[in-house]
Amino acid sequence: MARATTESKMPLSPTTGEPMSTIARRSIGALWAFIVMDVSGTLALIISYSYLWALNVNDAWAPPGAKLDAAQTDETLPKASDVTFAPEWPFWAIFAGVVVATIFMWFAYKRLVAGHKGEAIAAATFSLLLSGALLVAQVVQIISFEFKTSQGAYASAVYALTASNVVHLTLVCFLLIGIVNRTHMGLINPVVAYQARMMSIWMTWISIAFLLGAVCTTLMLESPNTDPAVFGTFNVS
Amino acid sequence: MTIAPPRTTRRSSTTSRTSSRTGSADAARANRGGAGLKQDGGGRGGSGAVARVFGNPVPQPPQHGKPGGLLRHLNLGTALLLGSVMALGFGYLANRLTKSGATDATFAPLAPEYIYLAGLFGWTLGFSIGIGAFDGPVRWLLGRELTHADAEYLAGKNLGWQRYFKYTTDHKVVGIQYLVAAMVTLGFGGLLAMLIRTELGVTWAEVFTPSIYNSIIGTHGIAMIIAMIVIVMGPVGNFIVPMMIGARDMAFPRLNALSLWLFVIALVCLISSLFVGGVQDGWSVYQPLAAQSPPGMLGYQMTIIIFAISTGVASVNLIVTILLMRAKGMTWVRTPIFVYGVFGAAIMGLYAFPFYQYSQLLAMSDRILDTSFFVPLQGGSVWLYENLFWLLGHPEVYVILLPSTAIMLELMPVFYRKPLFSFNFAIAGIVGVVALSGLVWAHHMYMTGWAPSANYPFMLSTELISIPVGFLVLVAIGTMWRGTVWTRLPVMAIYALVFNKIIGGITGIYLSDVPVDQYMHGSMFVVAHFHYMLMGAGLFGAMGGIAYFFPKMTGRMLDERAGSIGLWTAFAGFQLTFGSMFVAGLQGQPRRVLQFDDLFNISNWLSTIGAFVIGLGMLIFMGAIISSWIAGKKAPANPWGSKSLEWQTPTPVPLENFEVLPVVTSRPYDYGVPDPYDAKMLADEKAREKQTAKVAV
């Protein structure tokens, strides 16, 4: 009886006539399926990074300047290359920013469900602005990498992971604009709040993706394979 | 499947009864501009208009312009136009921006690569805009909700034949669109197959140059793989599954349309690759060879990147639809086996396709951006490519096999008029295949030297997967046993499927053994094996499914005489082609080569003759489909006397499928099992019980 009473207050979908709670269940189900897809894709990148890091094929994992070389450490000789691993702090800073943005989105959802539309919009807007700033920061980080794409497998893998971050953040920004606008218009409201919930869940996954990337790019730098097989070297004698 | 009389005149759930009583109250609240939001002072911005949706009054959002909005003006024509214009425009821009004389690391000119890739991007973006794929996201962003009138327009109501050339959301329309697109892809791949067999049959001369032959091989492979993935999941999965589970449509109709049109975009990318050097490295396009191939490789990569999105979106849609939209009373035990097959295939597609997609993204990045994922000299690894590729590559074959096998199991109770031999074993087979499919991929890599110590665990897992596959064959054979067979065209396809699957399965076990694979790897034996599985089981199963569901999908009966002649002609040709190919492989003929020793001539002549017989058979079958579709005998609603829900709808199927959503009370395969609701049966049963009680006393 209580359930029927709750569902009797639930608006109906204008297209199918079903209760919005039914639409919400389906949409959240679909979101989890999309997250599974994205997990696979992210794992493909993480596997690529880890695999190449572990193999260190042709001793070409690290950027040229990162390899320990007597010539590199001898101050009297010109450095073979200054190009080394990317600084670690930006990865963690961006990850931290994503976490904060996610927390604000959850806060926005909770306040909306509690009936405080103004606070919900404010929190979601902050999350949007922060995500936008993080997107810019991520692009700046990519532009400022010292290494080129052709300078080792590490460089390639880092570019791929950070490019994935850019795609994720772009999608997050697009969705947050929609969330803020629709909340403002009343389309997302305390009774029909599932889209805000979906956004919060999605951003939680994005935070995990950023974490995985940050772990790889900061804790997995020097390859453990210090005596790699060398392929394709031709000696002309 | 017994359908109990629904409890309401319109909806069968208590929820709906409650909703319909309060529907007018909701509408009144909406008219006052709020729906439980008084404390915020906001509302859903309702227009005050109310529409009757399946008998219930439902408040509507504001209607912006005519129903359908911008989509009224968009169709396949606008998509082709905008796609072509943007392809040319992007290509022109790329040409202007590329430095003259720029080359890549292998000294190949970069301009053709950039121009072609830019053209592909332009085509993809332009076609998507032109067909209306972005209408949904933009509407959502701007808060312009769809009204019921919009939804009906999008579903193609009153649009006649034009709905097949638009971004139509009705699952039945999408199913037909998929059928046509899949048949076009099959025809394209089949034509290439004829060219391959021509080259291999003409053993005294070279018909094509090696590079053209290689590109025919590679394009044929990927075209057929794509066609086979789509041929059952697309037409039958889309058209039939919602009706089979008692739903009005898929969970996300607009995503359904998106998956179809992305498939069309991908198909054009693939065909275009033939004109810029083709795909010369087989369908698996191993690195680093693929990195050195002509620009056509970019077409392949773009095809896969887009097709993976299409398949992923379709998988999400199918999974949510099957999980959450089954009719009341349709417990898992009462769910048709075809739904299980499609569900299993969708799950595999969901987790596995991103690996394939990313393998191509990274390969494209190596080509265009000079990264080194797969370039050993710069720290990359070709084994990484192979692992990423085969992580999908093997589940993919089960994405092809499961739906066609499940169709076979779906048909058999209908035409043998007895329950499925063991529904539980069939489920176990499907679950086993899905579970193990992700654990066998490296049996494609025994000879790569990747991880020799891993060869034997993968050998074990590969041999283990033959068990659940075997369950499915055994259930089929058990269902035939002591059944009263009604021999119609779909049943003939079952025989063909079972025969081919047994041969393909057994030869797969040979190949799963590392020592045998050491000899057989890269030979025509492997080619014959996977053709027996993917074509012999996959395609013949699909033909059976199409023959079975043809009356419901088209409203016409398929010409059985012509269809049977086509099927058996193709079957005979198939045995000749691939039986001879086994012999060639055992003799030692390698695959993907156009010049070979005279030792293999006889096998190749026989295979080529067989291939042309297949071509003839398929043309006859295709002709039967087309002629029956145009002028075949009108089909009754349930020509096969099936108990499943999709056959309880009228033909042609109305837009909403069911006027009243059904309630399911029994299994779908209880042919010959007394109907528990049959009044006479109940009375007889009571009388028997009384008699038994008297005797006991």
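**Chain B and its helix H17**

Biologist: In this predicted model, how far apart are the end C-alpha atoms of helix H17 (residues 524-554) of chain B?

Modeller: Helix H17 of chain B has 31 residues, and a straight helix at 1.5 Å a residue would reach 45 Å. The end C-alpha atoms of H17 fall short of that span, being only 39 Å apart.

Biologist: At which residue does H17(B) bend?

Modeller: The bend of H17(B) amounts to about 45°, and the residue in question is followed within four residues by a proline, Pro551(B). Just after the helix, Gly555(B) takes a positive phi of about 80°, whereas the bend itself lies at Tyr548(B).

Biologist: Why is H17(B) described as largely enclosed by the rest of the structure?

Modeller: A residue counts as buried if 20 or more other C-beta atoms lie within 10 Å of its own, and in chain B as a whole buried residues make up 56% of the 697 residues. H17(B) is largely enclosed because its buried residues number 30 of the 31.

Biologist: What radius of gyration does chain B have?

Modeller: The C-alpha trace of chain B spans about 80 × 75 × 50 Å along its principal axes. For 697 residues a compact globule would have a radius of gyration near 26 Å, and chain B agrees with this, at 27 Å.

Biologist: What distance separates the centres of domain 1 and domain 3 of chain B?

Modeller: Chain B is divided into four domains, among them domain 1 (7-59) and domain 3 (169-631). Taken over C-alpha atoms, the centres of domain 1 and domain 3 of chain B are separated by 47 Å.

Methods. Residues are numbered from 1 along each chain as its sequence is written. Chains are lettered from A and ligands numbered from 1 in the order in which they are written. This is a predicted model: local features need pLDDT of at least 70, side-chain atom pairs count only at pLDDT 80 or more; totals for chains, interfaces and linings use all residues. Domain bounds come from an automatic or database domain assignment. Helices (H or I, at least four residues) and strands (E, at least two) are DSSP runs, numbered from the N terminus. The expected span of a helix is 1.5 Å times one less than its number of residues. The bend at a residue is the angle between axes fitted to the seven residues ending there and the seven starting there. A residue is buried if 20 or more other C-beta atoms lie within 10 Å of its own, exposed if 12 or fewer, and partly exposed in between; C-beta atoms are placed from the backbone. The radius of gyration is taken over C-alpha atoms; the globule rule is 2.2 Å times the number of residues to the power 0.38.
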